[in-house]
Amino acid sequence: MKQIYDDLRLVLLLVVMFAFSSLFGQNSNIQRDTANYPFWTLMMQDPNANFYATQSAFYKYWADRNTKVKGNGYKVFKRWEYINEFRVLPDGRLQPPGYVKRIFDEYSRNLAGNELKNATCDWSLIGPTTLPANATVQPNGMGRINAIAFHPTDANIIYIGAPAGGIWKTIDGGATWANLSSDMPTLGVSAILIHPSNPDIIYIGSGDRDSDDAPGLGVFKSTNGGTSWVQMNNSMGNARVGALAMSPADPDIIIAATNMGLYRTTNGGTTWSQRLTSSLWKDVKFKPGDANIVYAAWGGVLYRSTDAGLNWSSVTLPATGSRIVIGVSPDDPSYVYLAQTNSSDETFEGLMRSTDSGLTFTIMSNTPNIYGYACDGSDASSQAWYDLCINVDPNNANILYVGGINIWKSTDGGANWAISSHWVGSSFSDPCGGAASVHADQHALEWSPLNGRLYCGNDGGIYWTSDGGTIWNDISSGIEIAQVYKIGQSATNQSLVLHGYQDNGTSLSNNSSFTTVGGGDGFECIIDYSDTNVRFITFPNGDMSRSMGGGYSTVAGDGSNGITESGAFSSPFMQHVTDPNTLFGGYKNVWRTNNAKASPASSVTWSAISTGESSTCRVIQQSTADPNVLYAVRSGSLQRTDNANAAAASVSWTSCSLPGGFTPTDIETHPTNPNIVYATAGNGVYKSIDKGANWTDISGNLPALFTNCLVYDKNTNEGLYVGNQTGIWYKDANMATWMTYAASFPIVDVREIEIYYDAANRNNERVKAATYGRGAWENKLLSSPPVLNCASVTAVNLTPDAAGCTNNTDLTAPVAVDNCDGNIAGVGARSDAAPMNDPWPLGATTVTWTFTDGVGSSHQCIQTVTVTNNLSPTITGPTSVCSGGSVTLDAGAGYSSYAWSNGGGSGQTATYNNVTSAATYSVTVGDANGCTGSDTHDVSISLNLSPTITGPTSVCSGGSVTLDAGAGYSSYSWSNGGGSGQTAT
């Protein structure tokens, strides 16, 4: 079977390679030798490309090249391969661009019964929400940005487009951001236009222009400021839109540069006409102030229109190369700049300038390599097919900026260059001549028309400068677009999680606090379940670092600690389920270390427990029921060992069948039965009861979307959470169908799911999800105990007596509860058989209500009724009075009757006048049932006061006398006009 599969792949590869030679034959500059020309950069961006042909072209190109050189584009392809390698259709192609949206929309429209969960427990974002603190030697970020646009009259309103996170808006200059596209599946944004006179009209070009993190779905339009969107791709189809240009004279005329051709609309996107074919159009610009002249580029070719984009002609250029980006400036509309890449290695081919509106061009410079990694441009690195942008100062047409990995600036029309920002930069002590530290891989450079700031969008977020590029300010915080590959949940601390991101390293979150602890790309993460200070993070191709409570040191990787081979782009690792000193790692072979926490890091030793493998591992999983059982997934194969803990040379492996014929994307074992194992593969979920020898498809009603990951809730009967291209689904053995666990969860690709358990308090348990484009999220488990309204009830009554008092009280059942799976537990059963309002005995009575939740678990709510013996009024008032004075007493509110002694009346208060002797006063109160209670209050008579005046007894004629009556009295009255104070003068 495998030979037939390989032969089919080869045939498909040859067929598609022939098709590609025809497709790109229009450009004579493109060489068809895949070993010398990076043909794969074009193929991976074409929706009709054969995946295996693209792989072949890539590996042939890199066969004799150094893949370790920074900024060479190698990792960008590996990301694309990692995401798509198990999403290949039988014909070798990937899903059509609109497939996921169509399937999800159809599935949502046709939902029946409880297939859609409207759970009361909403998902909440773990983050990152704010820019993490940074413990690395390079800038960190929030996620990639492809597009930037501005409100026409308010400088504080800015829009950004993310390749997998949709469109975002700030109204306060970047202090806060809001998502405008949460309900749109697979939405990536690479272009944004704002109507110049009606900013409620917004256009977005969908898809990922610079890679393939999101498919193209054409143009979307909003007429209400982004509250809702309408797909406007009539005659365009599901094109990936790399750039949009609006006519300066008529905002309804728009040109779209797409991977399916150059399109034009004259009616605000209602209909489109294809003006040029070819593919991979990535840039289009109107001549400033001129509605007729337009420039557009694809590959190494420039086209020019003189009739507002209706007709086009190619322009002869003095340099030949590959990708071109276009820069223009209103300062001199006749100037046109082209930054071009070299055809063979994507380095700087040259900067060309036209001073006659694009009719002719002159090469202004071709050195240094401004697309590379080095701050002096001396290296031969570049990935400018992925990260390339240009913009020209609107007030000085000789000043321009070009973004590649870094940002470079010219002040003389592109003749000479100085670095403006660097991926490491001066903030991290890199010798870059004072260049600012800005995240790498620039995708957008845009000038604000209102405040003179230049903004850049890159793999970390958005920055701006107002001083010509000396200082760049990061305003990415709040843009929740992290592309999370993997998460590592602590087993003992619910809030402690490691997150591995695309191009933004690895961060540790503790509640809402995030700290970046590793740079580059971050993948599998592990927090030691026996010691949270011990943490492992991984990098591309199987490199692993460990922290023992401080910094991170290498403990695994090709050439480290005994390992002699590299792993996959995202290599799998896991900690042994019962021995925290043991780790398993998947490279080509499976490796094991039994001293993972040895110090120093160089003393950790690894041994291969398999041999002879040539394909890298994608998944490894140890059985929690039997730690001797370990599964390993490689492309096209699934193997199992039943003695994973034996001496390395003694470990033996058995081939398992592929579930449904597909390579698994994830494996999960049963918590107590070592024979049962589950897998996500293809569009489905599968179960084996014989350790992978045979599989049963349990996908049921799941939509036909590729599944990525799953986890088993050990507190349930086969409760499985599954992540696919649009969200999370759940099913257990008591349910007939799968249900989406979707309340407030974004429609996004879910890459990993983990569970935090808390045996002491199950309401602390959480399910955690890593998404590719919207960060990490969490929610309560569907098996979590219900939230019960269990407030105690206290009844205060007398026991029955001749006065007719009763101790009846209506004990109302607790409010119906929801345990977050949409199933109401309902009114529970009371522990006693008495009616609700039966007489209660004297003292405290405890009543227990028992509820059964939606997954069959029982939960209790306890209420207490306390019966006391009498009403208990308390009289308040003075306890002494001067002879002949008055006393007012208060029995307190809430009684239906009052009876005072000594003629005090029948109100809540009683006043007694001309009191001349000590007395005891009493009150008897009653309630509506005739029950009574009494209290007494004593009042005594105070003695007369005896003040003594002090002061002089004589004074000279005309002098003054001051007399003092002594302190402690509440009132004073002096004769002869002496006043009312303690002293008189």
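Predicted model: local features only at pLDDT ≥ 70, side-chain atom pairs only at ≥ 80, totals over all residues.

Visitor: How many cavities of 30 Å³ or more does the count come to?

Guide: Rolling a probe the size of a water molecule over the atoms shows where empty space is left. A cavity is a set of points, on a 1 Å grid over the protein atoms alone, where a 1.4 Å probe fits but cannot get out; grid points are joined across faces, edges and corners, and a volume is the space filled by probe spheres set on the points. The count here is six cavities of 30 Å³ or more.

Visitor: How much space lies in the largest cavity?

Guide: The largest cavity holds about 630 Å³. Its lining (residues with an atom within 4 Å of a point) has 41 residues, and T186, D212, D213, A214 and P215 are the closest to its centre.

Visitor: Which helix gives the most to the lining of the largest cavity?

Guide: Helices are DSSP runs (H or I, at least four residues), as are strands (E, at least two), numbered from the N terminus. Helix 4 gives the most, with three residues.

Visitor: What is the volume of the second largest cavity?

Guide: That volume is about 110 Å³. Among its 13 lining residues, L42, L280, K282, G299 and R323 are the closest to the centre. Helix 2 (39–43) and strand 17 (294–298) each supply at least two residues of this lining.

Conventions: Residues numbered from 1 in each chain as written. Heavy atoms only, no water. 1 Å grid on protein atoms, 1.4 Å probe; cavity = no way out; pocket = protein on both sides within 12 Å on 5 of 7 lines; lining within 4 Å.
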